[in-house]
Amino acid sequence: MTGKKRAAEKRAGPRMTIPTQLVLRTLLAEPTREMYGLQICETAGLPSGTIHPILARLEHEHGWVTSRWEGISPQAEGRPRRRYYQLTEDGAERARIALAQATTSVSTLSLRTRPAKGLT
Amino acid sequence: MSTRASDRDLVRDLDRALAHSFDLDCAIDHNRASRRARHLVNDLGRILDRASILDLGRAFDRASNRAFDRASALDRDLALVSGMNRSAFGRASSSAFDLVHVLDHASELNSELARMLDSTRRPAVLDRGHLEREVRRVAPSAARLLAVVARLLPASDRARYDEEFRSELQDLAQAGAGRFRQVAYALRQLRYARLTVAALRSPRRRGVTP
């Protein structure tokens, strides 16, 4: 891919595949709420383990999403820290526009996000 | 300071070992991994087709043990060929994808079986405390496979994703996922590793909190 094409793609935002739309809708449902990966999968109705490429693209390539480590001590809690994701203000705005313009929308495929079960 | 230096040495040695594995990958082993995964798919299909409701439990047990062995073998093979070229990676990834489907199917059968047993035999056979301990255990095979996946990612992001994958695996186990769902999760991470690598290698627009 040429540099010009790549730059144009970055300006336009990520490719709005169905999984990308589901992830964005999930994060947009409560833009101020931070969610960790498995929680996003559950809520978006995607299989666990499929969203890291999407989140990495949104975070690293487009800057729509920001992430931080959970503020616990792994030693004290006896488990690894979770990584929490949240849309940036600008990202939320762009995501709304991109979802509205998406040619193949989630709703046409009768896919719906669902509340996370069994995860706190 | 010396710890950091020895960590750096360790990472350098690890990178050398991975580079060496790239040289070996012509001789080994994506073919073996693919063949094993295909055999697993066929074996499981035959076993599950033959199983009646009454002996489903026994058949599932045999199938699950075999699936676990094959998943472990695939794990080892992929660890050996982590420096493989793109087409080899694609083939191994496709085998892993098949395996995920089989394990997902096996996991559904397992859930169905658990429901049946739960309604008929629970008072005599199942101990609640034992069950809780069982479901909360992280499957070592899934953890090992995730460590392999983390090694496929760019060095600068390896530690982050290693911890993130481990925390998600722990959450899955806490939510009651058994060994097969955990291995399926790890295999999905393996399948999507190439896309994650591509996303992580793309030019960054903003600073990212490490």
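This is a predicted model: local features need pLDDT of at least 70, side-chain atom pairs count only at pLDDT 80 or more; totals for chains, interfaces and linings use all residues.
In strand E3 of chain A, Arg83(A) is the bridge partner of Trp69(A). Residues are numbered from 1 along each chain as its sequence is written, and chains are lettered from A and ligands numbered from 1 in the order in which they are written.

First, the sheet in chain A. The bridge I opened with belongs to a pair of strands, E2(A) and E3(A), which run antiparallel and are joined by five bridges. E1(A) also runs antiparallel to strand E3 (residues 83-87) of chain A, with two bridges between them. Two strands are called paired here if DSSP finds at least two bridges between them. Put together, the three strands form an open sheet in the order E1-E3-E2, with antiparallel pairing. Strand E1 (35-36) and strand E2 (65-69) of chain A are the edges; each has a single partner strand, so one side of each is left without a neighbour in the sheet. As background, strands of a sheet pair through backbone hydrogen bonds, either parallel or antiparallel.

What lies on the covered face of E3(A), and what on the uncovered one? Arg83(A), Tyr85(A) and Leu87(A) are on the covered face, while Tyr84(A) and Gln86(A) are on the uncovered face. In general, side chains in a regular strand alternate between the two faces of the sheet.

Now the rest of chain A. The chain has six helices and three strands, and along the sequence they follow the pattern α-α-β-α-α-β-α-β-α. For the record, helices (H or I, at least four residues) and strands (E, at least two) are DSSP runs, numbered from the N terminus. Chain A has 120 residues, of which 36% count as buried. Buried means 20 or more other C-beta atoms within 10 Å of a residue's own; 12 or fewer is exposed, in between is partly exposed, and the C-beta atoms are placed from the backbone. Of the contacts in chain A with a separation of 6 or more, 63% are between residues 24 or more positions apart. A contact means that two C-beta atoms, placed from the backbone, lie within 7 Å.

One residue to look at is Glu42(A), in helix H3 (residues 37-44) of chain A. Is Glu42(A) buried or exposed? Glu42(A) is buried, because 21 other C-beta atoms lie within 10 Å. Thr26(A) is 16 residues from Glu42(A) in sequence, with a C-alpha to C-alpha distance of 9.7 Å.

Next, a helix pair in chain A. Helix H2 (residues 18-29) and helix H6 (residues 89-101) have axes that come within 10 Å and cross at roughly 130 degrees. That angle makes H2(A) oblique to H6(A). The classes are under 35 degrees for roughly parallel, over 145 for roughly antiparallel, 65 to 115 for roughly perpendicular, and oblique for the rest. Axes are lines fitted to C-alpha atoms, for helices over the stretch in contact, and angles run from 0 to 180 degrees between N-to-C directions. H2(A) contributes Gln21(A), Leu24(A), Arg25(A) and Leu28(A) to the contact, and H6(A) contributes Ala92(A), Ala95(A), Arg96(A) and Leu99(A). By class, that contact has five nonpolar residues, one polar and two charged. Here Ala, Val, Leu, Ile, Met, Phe, Trp, Tyr, Cys and Pro count as nonpolar, Asp, Glu, Lys and Arg as charged, and the others, Gly among them, as polar.

On to chain B. This chain has eight helices and zero strands. Of its 210 residues, 33% are buried. Among contacts between residues at least 6 apart in sequence, 82% join residues at least 24 apart.

H7(B) and H8(B) pack at about 155 degrees, with their axes 12 Å apart. H7(B) is therefore roughly antiparallel to H8(B). From H7(B), Asp157(B), Phe165(B), Leu169(B), Leu172(B) and Ala173(B) meet Arg181(B), Gln182(B), Tyr185(B), Gln189(B) and Leu200(B) of H8(B). That contact divides into six nonpolar, two polar and two charged residues.

Last, the interface. How many residues of chain B are in contact with chain A? There are 24, and they touch 25 residues of chain A. Helix H7 (155-174) and helix H8 (179-201) of chain B each supply at least two residues of that side of chain B. The chain B side comprises eight nonpolar, seven polar and nine charged residues.
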